[in-house]
Each structure stands twice: as C-alpha cells, then as structure tokens.
Amino acid sequence: MKKRIIIYCIILMALIFVIGCSQKSQVKEVVAKDTTDATKPTGTIREIFVTAKQFEFNPNPIKVNKGDRVILHIKSLDVAHGFRIPEYNIDKPINPGETTDIEFLADKPGTFTIYCSIFCGEGHPKMRAQLIVE
Ligand SMILES: [Cu+2]
C-alpha cells in the first residue's frame, strides 16, 4: 500500500517535470532596426602620418573611408601651424618639435578643406589641404 503511494508520487513528479520542460519559451526575437542615418563605424583604424610646413600639408589629399576611426599624427617641419577642419570640429595647434595626435570618427562623407589656423608666414592664407571621406 505504501509502495503504491510512493510510485504514484514518483509518476506525478515525473509528469510535472516533463510538462514543465515542454513549455516553449514565449520570448520573441527582437530585431534591432537602425533608424539613424549616422554612419556606422567600420571598425577600421586608419593611422596617417602628416607633416606641416610653410605652406602645405602632406599627404594632400588625406583619404579615408566613411566610418573609419582616423588617427592623425601631425608634425611640423618648421614653424608653428594649426590644423583645422571646421566640419569635424577639429582645430589644434601643431607645435614644431612635437607630434600632435588628432583622433576622430570619419562619419561625414565628402570633401573637406583643412586650414592652417595659426599664422605661419606670408603664404599662410593659402596653406590648405583636403580631407576626402568616401
Ligand atoms: Cu599657417
């Protein structure tokens, strides 16, 4: 008699266990949709060594791909210059004898003018280069 009750209990527990396991998860898969127009980072780090001298930047143009994380190492070969790209909110002095690092995400495609922002001599107003983000 006692044995039968124990067997029933075991069967009942096994039944509860099987039912519990067969319940399917009702969690729906959520597909994330990108609703922004912002350029996604490509994950590429583009390191470029740039020199500044009266009255040019090298290389020119500086070419990167849209979405690249760009790291510029800029060195002046003569006097103090500035490195300015208004559309990217970049404006840094380039002091002679040291390397200035500028890092940014190239999230805006297009051709942008790079200006020297520190007076460096008579050719200063014409000291320009181009950044091409494609
Ligand atoms: Cu200048």
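**Histidine 81**

In this predicted model, histidine 81 has a relative accessible area of 0% and is therefore buried, the cut-off for that class being under 20%. The residue belongs to strand β5, which covers residues 81–85. A polar contact of 2.8 Å joins the side chain of histidine 81 to the side chain of aspartate 78.

Beyond residues up to four places away in sequence, histidine 81 touches Ala52, Lys53, Gln54, Ser76, Lys92, Pro93, Ile94, Cys116, Ile118, Cys120 and Met127. Cys116, Ile118 and Cys120 are also among the protein donors of the copper ion.

**The copper site**

The copper ion has as its protein donors the SG atoms of Cys116 and Cys120, the O atom of Ile118 and the ND1 atom of His124, at 2.1 to 2.6 Å. Along the sequence, these donor residues follow the spacing C-x1-I-x1-C-x3-H. The angles among the 4 donor atoms run from 84 to 130°. The site is irregular rather than tetrahedral because a tetrahedral site requires all angles to lie between 85 and 135 degrees.

Cysteine 116 is buried, at 7% relative accessible area, and cysteine 120 is likewise buried, at 6%.

**The nonpolar core**

The largest nonpolar core contains 25 residues, and Leu72, Phe83, Tyr88, Phe104 and Leu131 have the most contacts inside it. At least two residues of this core come from each of β1 (45–53), β3 (62–64), β4 (69–76), β5, β6 (90–94), β7 (99–105), β8 (110–115) and β9 (128–133). In soluble globular proteins, nonpolar side chains tend to be buried together.

Apart from neighbours within four places in sequence, leucine 131 contacts Ile62, Val64, Ile85, Tyr88, Phe104, Gly110, Thr111, Phe112 and Ile114.

Conventions:
Residues numbered from 1 in each chain as written. Predicted model: local features only at pLDDT ≥ 70, side-chain atom pairs only at ≥ 80, totals over all residues. Heavy atoms only, no water. Helix = DSSP H or I, 4+ residues; strand = E, 2+ residues; numbered from the N terminus. Buried < 20%, exposed > 50% of the residue type's maximum accessible area, 1.4 Å probe, protein only. Polar contact = N/O pair within 3.5 Å; in protein donor to acceptor, adjacent residues only side chain to side chain. Contact = heavy atoms within 4.5 Å. Donors = N, O, S within 2.8 Å, 3.2 Å for Na, K, Ca; no water. Tetrahedral: all angles 85-135°; square planar, octahedral: opposite > 155°, others 65-115°. Core = buried A, V, L, I, M, F, W, Y, C linked by side-chain atoms within 4.5 Å.
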